[in-house]
Amino acid sequence: MNRPVHPHRELALLFGLLLLLLVTATLSHEKSQEIRQPNEPSTFNAKPNGLKALYLLYQKQNYAVTQLRRNWTNIGSETALLFVVEPLESSRAVSKEEIVSLKRWVEQGGTLVYIATAPERPYDPKDPLMGDIAITSGTATPYTIEPTDTTSPYLKGVDNVAYTSPVRLKTRKNTPYTALIEDPEGGLLLHRRLGNGNLLVSTIADLASNTL
């Protein structure tokens, strides 16, 4: 079914409406999030690269949404969907304990949407969650592309996606990721089942930003 809406908005709506997820949380760090720099991806940020529009969209759809004001070891089962958008807060490094807890939360049924941005980085064997994904360089010119996996429920009704991204996703051989969107330079949106949950990794920052 085709809808006369922007493809970015269509995909964002599907995350909520098709999965019937109850809670959206976006990485923040206590009250300081409200005064972070205007170019940072915050749900308090109404500028183009902020996430306030996505936050308000889920509120309008009557989902219970909140900003995550604690570290990743404290994500409970009441949270069903978590958006993490890079760049992360530079003043607080993410610990291995937090990554292990985040992986456990996904395995128990959570859905994580992780938006990766520059800089490039290699595979990380110390990362138990996404260490089998490398971030590589790509052409940053705006493009429009058709979805790679047209059978995915995440892309139902999406004919094409417009994107601009300076990086791509590369997975290790024989890893259980499905490329939902990719171009000749690499992955743009990947999905994998992880236990009872779902992990989606993308380099298309506009999937979550106010430029939807």
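Me: Over which residues does pLDDT stay under 50, and how many contacts beyond four places in sequence does the model have for them?

Reply: pLDDT is the predictor's confidence in each residue, from 0 to 100, and contact means heavy atoms within 4.5 Å. Here pLDDT stays under 50 over residues 1–5, for which the model has 5 contacts beyond four places in sequence. Residues 16–37 also have pLDDT below 50, with 71 contacts beyond near neighbours in sequence. Across the chain, the mean pLDDT is 79, and 71% of residues reach 70 or more. This is a predicted model, in which local features need pLDDT of at least 70 and side-chain atom pairs count only at pLDDT 80 or more, while totals for chains, interfaces and linings use all residues. Residues are numbered from 1 along each chain as its sequence is written, and side-chain values use heavy atoms, with hydrogens and water left out.

Me: How many residues has the largest nonpolar core, and which have the most contacts inside it?

Reply: In soluble globular proteins, nonpolar side chains tend to be buried together. A nonpolar core is a set of buried Ala, Val, Leu, Ile, Met, Phe, Trp, Tyr and Cys residues joined through side-chain atoms within 4.5 Å; buried means under 20% relative accessible area, exposed over 50%, and partly exposed in between (1.4 Å probe, protein chains only). The largest core holds 24 residues, and L82, L102, L112 and L129 have the most contacts inside it. Its largest share, 4 residues, comes from helix 3. Beyond its neighbours within four places in sequence, L129 touches residues including I99, L102, L112 and L199. A second, separate core of 20 residues includes Y63, V85, V158 and L180.

Me: Which residues of helix 3 are buried?

Reply: Helices (H or I, at least four residues) and strands (E, at least two) are DSSP runs, numbered from the N terminus. In helix 3, the buried residues are E98, I99, S101, L102, W105 and V106. They lie on the same side of helix 3, because they cover an arc of only 160° around the axis, the arc being that of the directions from the helix axis to the C-beta atoms. On the other side of helix 3, K96 and E97 are exposed. The buried residues pack against strand 3, strand 4, strand 10 and strand 11.

Me: Is I115 buried or exposed?

Reply: I115 counts as buried because its relative accessibility is 0%. I115 lies in strand 4. The C-alpha atoms of I115 and S202 are separated by 4.9 Å, although these residues are 87 residues apart along the chain.
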